[in-house]
Amino acid sequence: MASYSANTKREKKVFDTEDDVAKAMAEYTFNLSKKFCKKRGYFTIVLSGGDLVLWLKKLLVPEYAETEWSKWHVFWVDERVVPLDNKDSNYKQTLDSFLSEVPIPTSNIYAIDQNCAALGDAKGAAIVYEECIKRLVNQNIIRTYKSSGFPQFDLQLLGMGPDGHMASLFPGHYQIKEKASLVTYITNSPKLPPKRITFTLPVINCASYNLMAVCGEAQADAVAKVFKDDFNLPSARLTADTQAIWYLDKAAASKLPSECL
């Protein structure tokens, strides 16, 4: 099973500005979309929240007009257990800023269960999302990792918090140790809102490609700890089947040793 101790080397690229990171992320995403659409007829992409959903708008420029949106299947690595029309919903943020601008079939967009979300039922939401993933594996839309049988997404676009969390896997919380479930939940997130669901670490690390995009000086301490292999930070445990790469702006990379730049 892929894990943070796997042989996949953590790579990085440092860019001058946040805008440069966003442009590079768009190019990376487009190239993988083209690759997997040609190879499989599908492209499974997993998103996170925050600034990343705004950076995705870089895909709307004419040079990416050949993107085969109809073949995209969109998932979230984690989600806040709030109603889908709530401003804190990753789904709503992504819909408003990106998904409403592109012709991805609504049937290919896999939001959290709206009933569980409305009720604030984190456990139920995790169970339903896991069932959804398993159903798509059975339909051969999502591949499985060669040795473990865990679902294998084509690309995950991830972000990191100043505390080193990724998805809704937080330092010092037991969810980082979950190895059996595909999706787990948290009801006391240190970052509001408190109820969330999240992919587990084995699922995250089974992805073919993981791109962690981090910008801003507020993340610089955590970035430095990650590249010192401080595995107390969930983000330091990120790997992938083919490539795990970090895109940093100069501010986020500002506390890395000079030999790491």
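Student: In which strand is Tyr-185 found?
Tutor: This is a predicted model: local features need pLDDT of at least 70, side-chain atom pairs count only at pLDDT 80 or more, and totals for chains, interfaces and linings use all residues. Residues are numbered from 1 along each chain as its sequence is written, and side-chain values use heavy atoms, with hydrogens and water left out. Helices (H or I, at least four residues) and strands (E, at least two) are DSSP runs, numbered from the N terminus. Tyr-185 belongs to strand S8.

Student: What is the relative accessible area of Tyr-185?
Tutor: A residue is buried under 20% relative accessible area, exposed over 50% and partly exposed in between (1.4 Å probe, protein chains only). Tyr-185 counts as partly exposed because its relative accessible area is 26%.

Student: Which residues are in contact with Tyr-185, leaving aside its neighbours within four places in sequence?
Tutor: Contact means heavy atoms within 4.5 Å. With its neighbours within four places in sequence left aside, the residues in contact with Tyr-185 are Ala-122, Lys-123, Ala-126, Tyr-174, Gln-175, Arg-196 and Ile-197.

Student: With which side chain does the side chain of Gln-175 make a polar contact?
Tutor: Gln-175 lies in the loop between strand S7 (155-158) and S8, and it is buried because its relative accessible area is 2%. A polar contact is a pair of N or O atoms within 3.5 Å; within protein, one must be able to donate a hydrogen and the other to accept it, and residues adjacent in sequence count only if both atoms are side-chain atoms. At 3.5 Å, the partner of the Gln-175 side chain is the side chain of Tyr-174.

Student: How far does helix H5 (residues 122-138) reach from its first C-alpha to its last?
Tutor: The expected span of a helix is 1.5 Å times one less than its number of residues. For the 17 residues of H5 the expected value is 24 Å, and the model comes close to it, with a reach of 25 Å.

Student: To which backbone nitrogen does a side-chain oxygen of Asp-121 reach at the start of H5?
Tutor: The buried residues of H5 include Ala-122, Gly-124 and Ala-125, and among the elements that cover the buried residues are S8 and strand S9 (196-199). At the start of the helix, the Asp-121 oxygen comes to within 2.9 Å of the backbone nitrogen of Gly-124.

Student: What is the relative accessible area of Ala-167?
Tutor: Ala-167 also has a positive phi, about 50 degrees, although it is not a glycine. Its place is in the loop between S7 and S8. Ala-167 is buried because its relative accessible area is 9%.

Student: Near what value is omega for the peptide bond from Leu-192 to Pro-193?
Tutor: Pro-193 is placed in the loop between S8 and S9. Most peptide bonds are trans. The bond from Leu-192 to Pro-193 is cis, with omega near -5 degrees.

Student: What distance separates the C-alpha atoms of Ser-235 and Met-160?
Tutor: Ser-235 lies in the loop between helix H7 (220-226) and strand S11 (243-249), and it is buried because its relative accessible area is 0%. Among the residues that Ser-235 touches are Met-160, Gly-164 and Trp-246. Although Ser-235 and Met-160 are 75 residues apart along the chain, the separation of their C-alpha atoms is 6.8 Å.

Student: Which element gives the most to the lining of the largest cavity?
Tutor: On a 1 Å grid over the protein atoms alone, a cavity is a set of points where a 1.4 Å probe fits but cannot get out, and a pocket is an open set with protein on both sides within 12 Å along at least five of seven lines; lining residues have an atom within 4 Å of a point. The lining of the largest cavity includes Trp-76, Tyr-129 and Phe-199. With three residues, the element that gives the most is S9.
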